[in-house]
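Please examine the structure shown below. The explanation that follows considers how its parts are arranged and how they meet.

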2 protein chains.
Amino acid sequence: MANYCECEGCELRSLFFNNVNKTELLSLCTLKVERSFERGDLIVEEGAPIEEFIYLKSGLVKLYKLSGDEEQIITIAKPLDFVSLLSVFANNHYKYSVRAIEDSVICCLNIQNVKDLVKSNGNFALDLLEKMNRVADNIILESLEIRRKHLRGRIAHVLLYFAEYIYNSNEFDLPISRKEIAEYIGMTTENVIRTMSEFRKDKVIKINGKTIEIINKPLLEKISALG
Amino acid sequence: MANYCECEGCELRSLFFNNVNKTELLSLCTLKVERSFERGDLIVEEGAPIEEFIYLKSGLVKLYKLSGDEEQIITIAKPLDFVSLLSVFANNHYKYSVRAIEDSVICCLNIQNVKDLVKSNGNFALDLLEKMNRVADNIILESLEIRRKHLRGRIAHVLLYFAEYIYNSNEFDLPISRKEIAEYIGMTTENVIRTMSEFRKDKVIKINGKTIEIINKPLLEKISALG
DNA sequence: TCATTAACATGATATATATCATAAAGTGAT
DNA sequence: ATCACTTTATGATATATATCATGTTAATGA
C-alpha cells in the first residue's frame, strides 16, 4: 500500500496544494496517475474529452491550436503554469493541444475528485481561482506584448523569455524550432531565421544550432522594448 | 430596510449566482453598490487597487491596456462576460482598464464577501471557476482567431462579432470608432476605414456614419473565414 | 454660433513582411 | 552508408500594410 503516492513530498504541493491536508491529498492521490512523455509526444489532443485534471510536474510543453494545417502556439509553459487546466472547468473537451517540447512528467488527478475538493475545501477553491486567474492573465498579457512589437522585437522578446523565464541563463538550448518560434509570434519561418542571423551578425547572440547564447543582453532588451 | 437590494430579481442571478441562497445573497447585497456609467466613462483604471468584485449588469464595455500612448483593446464585453473579474483573484491591482462604450450599469460586491462565499459555498466556487475559465478561454480563442486573419478578414470578423454576438442583428450602430476597431484588431485606423469603404463599394455592407448594415452576409462570412 | 478638435475618407508612397527559389546541413529510417 | 525529409540559411521579388498628406464631415466646447 505504501508508496503509490509521493505527493506529500511533491515539490508542487506547497504551491499548488497549499491548503490541502494530508487526508484530502491521499484521497486525491489514490486516483492519481503519473505519466511520462518524451520530447515531441502529444500530451493532450484538441477535441478530446476532458477526463482528468492535469498539471505539469516537470519538463516543458507547448500549448497550441490547429487551424487548418497550421499550428498557432498559444504559450510555452513550464511546471506550475499548469496550462492544461485552462478549459478544465468550462468545457467538456479540450480547446487546445499540448505537446511536450522537453521530456515531461504530468500528474493526472481525477477531475471529479478535484471538483469535490473545490466544494469541500474553500481555501483550495480560492487557491485554484487565483492560479487560474494568473495563468490566464499571463497568456493574455504575453500575447498583447508580442502583438505590439515588430518582427525583431518579437524575436528578441522570445529569446529573453527563454533566457529569463524558462532557463534562467543567458545560454540555453532552444527547445523549439525556428518554425515553432514563427508559429508563436505569428511571423514566417524564414523571417525568424533571417532575424536571428542578423542578431548573430550584430553580435547580440551566438548561434550554434539549437544552442543560443545572449552576448549583448542590454541591446537585446532594447530591441525587445523598442522593436 | 426593504428595497435596498433587488438582487433576488436580478437577471444575472440565475446565471451568476445559481447556487447562492437567499441568505447568502442578502449578505452580499448589504455591501453591494450599483453604479451607472455613461458611454465613454472610465469604469476601471489600470493600476488601481482591486477593492471590489465587479460585474456588468447592463451595457457594453471595452477592456484595454495602455502601452505608451496607445490603447490595445483586449475584448469588447457584454453582460455576463464580466471581464472585470479576470485578475480579481490573482492581483491586487488591475492589469487592464475598462471603459463604457455604451451606457452601462455595474454591480460592485465587496471582494472579501465574495471570497468568503467561495470558501463557504462550494457550488458557487465551482460556478465561478467555470465562468472565469470561460471568459479567459473566449478572450484567448478570439485573439487567436483574429491573429490568423489578414486585414480584410479581421474587419469582416469584427463586423460579424457585433452583428451576431453583441447585437443579434444585421443592422446595428457601431459602439466604437474606426480607430478603436484598429486598436482591437492591431491594424491602422486608415486601413480600417479604407477596408470598410471597400466592403461598402462591393455591396457587402451599407455604411451610414456609425450605422452598419450587413447586406451580403454569406460573402462577409467568406471574407472572415478566408481573409 | 463659431472655433476647435476628432472622426471619416482617400490617394500616393514607403516599409515591413511574406513568398518564392535554392542550397547546405542536420536527422531519422532502412 | 544511403535516401528521404526536415531544419536552417540566404537572396530576390512580391505583397500587404503602414505612413504621410490632404480634405471633408461630424462632434464638442467656449
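Chain A is divided into domain 1 (2-145) and domain 2 (149-226), with bounds that come from an automatic or database domain assignment. This is a predicted model, in which local features need pLDDT of at least 70 and side-chain atom pairs count only at pLDDT 80 or more, while totals for chains, interfaces and linings use all residues. Residues are numbered from 1 along each chain as its sequence is written, chains are lettered from A and ligands numbered from 1 in the order in which they are written, and side-chain values use heavy atoms, with hydrogens and water left out.

The C-alpha centres of the two domains of chain A are 28 Å apart. In domain 1, 15 residues are in contact with 13 residues of domain 2, contact meaning heavy atoms within 4.5 Å. About 1,400 Å² is buried between the domains, and carbon and sulfur atoms give 49% of this area. Buried area is the accessible area (1.4 Å probe) that two parts lose on being put together, summed over both. On the side of domain 1, A:Ile73, A:Ile76 and A:Glu142 lose the most area to domain 2, together 37% of what that side buries.

The interface between the domains also holds two salt bridges, each a side-chain nitrogen of Lys or Arg within 4 Å of a carboxyl oxygen of Asp or Glu. A:Lys62 forms a salt bridge with A:Glu180, with the closest N and O atoms 2.5 Å apart.
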